[in-house]
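Please read it alongside the sequence and the model.

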Amino acid sequence: MTQKVIVPVNLANAGKDYLVQHGYRLIEVPKTSADIILAKGKAAEGLILMTDPFPTAVAKQLPELKIVARHGVGYDNLDPKALAALGIWVTITADANADTVAETTLAEILDLSKKLTANSMAMRQGDFTYKQDHLGFDLAGKTLGIMGYGRIGQRLAKKASMLDMQIKIYSPNLTHPEYGTAVSRSELLHEADILSLHMPVNSQTRHSINAAVFKQMKSSAVLINMARGALINQLDLVQALQDKTIAGAALDVFDQEPLPLTSPLYRLDNVLLTPHIASNSKECMDCMAVDAAKDVVQVLSGQQPNWPINHPIATPLD
């Protein structure tokens with residue numbers, strides 16, 4: 001019997017083609033939400049999951065499921081340990097999006113520093129003098145603070161090293177980064193002109209960027225979040241931006257996505273908002289789709305995946 005794999009309909013064709021070429025039948029769904037998965041994919045042995053939550057209770061109703069392959073690197077939308085107990089692998093596309101996200105982070109830093117989007121929008125509204133009262137700032141000589149030094153943080157440090165900035169990094173147990181200087185969390189918060197977040201969401205980091213943190217930052221500093229919305233206490237950030245406790249922010253991720261149009265963030269002129277586009281390039285989408293598909297094929301053919309984040313208690317390997 002042909003093995004079935006649930007895939008989002010918007011998965012890059014490169015990933016779909018890889019699965020079909022290896023003999024798998026695709027169950028294409030408009031989104032990988034719990035209700036749709038249960039309605040259409042109860043017989044599936046593999047699932048390629050984007051950012052929708054995947055409750056363990058749903059996994060328990062999928063008796064054939066052997067792998068959940070995350071299309072990306074974050075996995076705060078599922079419970080790897082609980083899935084391991086059910087005999088289900090969880091994988092990520094660990095090396096697929098690091099360069100793209102680092103590039104997008106740089107783009108947002110440059111946008112904030114030169115107020116590119118703000119000036120462009122003002123010009124479209126007929127205001128050619130907006131620039132006079134909204135000066136940007138140079139990056140040369142400023143301090144870029146990178147919080148989190150995984151693949152994306154490392155790529156950002158390397159790319160930013162050519163901009164004549166001081167690069168300071170905080171990550172637990174980091175001592176000698178290839179680019180920049182390892183510092184304490186306190187030093188990073190006090191000295192960064194630009195603070196860029198690149199750590200995972202866990203019990204220590206969830207909402208750890210909050211009012212207390214903003215009070216430690218320079219009033220001229222800007223915050224960049226291309227990682228996960230749950231890292232920031234969003235209400236505290238809104239207050240800090242309103243009060244000018246910090247000068248600005250660029251946000252690509254949010255507690256709730258899409259960001260509701262009722263959010264006060266839309267009414268602030270010192271925040272750049274983008275709709276989770278950090279990895280939104282043709283090359284990256286193809287790479288993430290194929291890497292996720294490869295791990296599905298690995299597991300369903302009885303082999304160990306390339307990028308696992310758990311190890312099932314009971315697997316076909318036993």
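1. Basis. This is a predicted model, in which local features need pLDDT of at least 70 and side-chain atom pairs count only at pLDDT 80 or more, while totals for chains, interfaces and linings use all residues. Residues are numbered from 1 along each chain as its sequence is written, and side-chain values use heavy atoms, with hydrogens and water left out.

2. Salt-bridge count. A salt bridge is taken as a side-chain nitrogen of Lys or Arg within 4 Å of a carboxyl oxygen of Asp or Glu. Under this criterion the model contains twelve salt bridges.

3. Aspartate 95 and arginine 151. These two side chains form a salt bridge with an N to O distance of 3.8 Å. Helices (H or I, at least four residues) and strands (E, at least two) are DSSP runs, numbered from the N terminus. Relative accessibility is 38% for aspartate 95 and 37% for arginine 151, and each is partly exposed. The classes are buried (under 20% relative accessible area), exposed (over 50%) and partly exposed (in between), with a 1.4 Å probe and protein chains only.

4. Glutamate 187 and lysine 168. The closest N and O atoms of this salt bridge are 3.4 Å apart. It joins helix H8 (residues 185–191), which holds glutamate 187, to strand E7 (residues 166–170), which holds lysine 168, across 19 residues. Glutamate 187 is partly exposed at 30%, whereas lysine 168 is buried at 13%.

5. Lysine 282 and aspartate 286. Here the N to O distance of the salt bridge is 2.5 Å. Both residues belong to helix H11 (residues 282–300); because they are four residues apart, about one helical turn separates them. Lysine 282 is exposed, at 60%. Elsewhere, salt bridges with shared partners connect Asp95, Asp99, Arg151, Arg155 and Lys159 in one network.

6. Strand E3. In a regular strand, side chains alternate between the two faces of the sheet. In E3 (residues 46–49), Gly46 and Ile48 point one way and Leu47 and Leu49 the other way, and all are buried. Pairing requires at least two DSSP bridges between two strands. E3 pairs in the parallel sense with strand E1 (residues 4–8) over two bridges and with strand E4 (residues 67–70) over four. Valine 5 stands opposite glycine 46, and isoleucine 48 has alanine 69 of E4 as its bridge partner.
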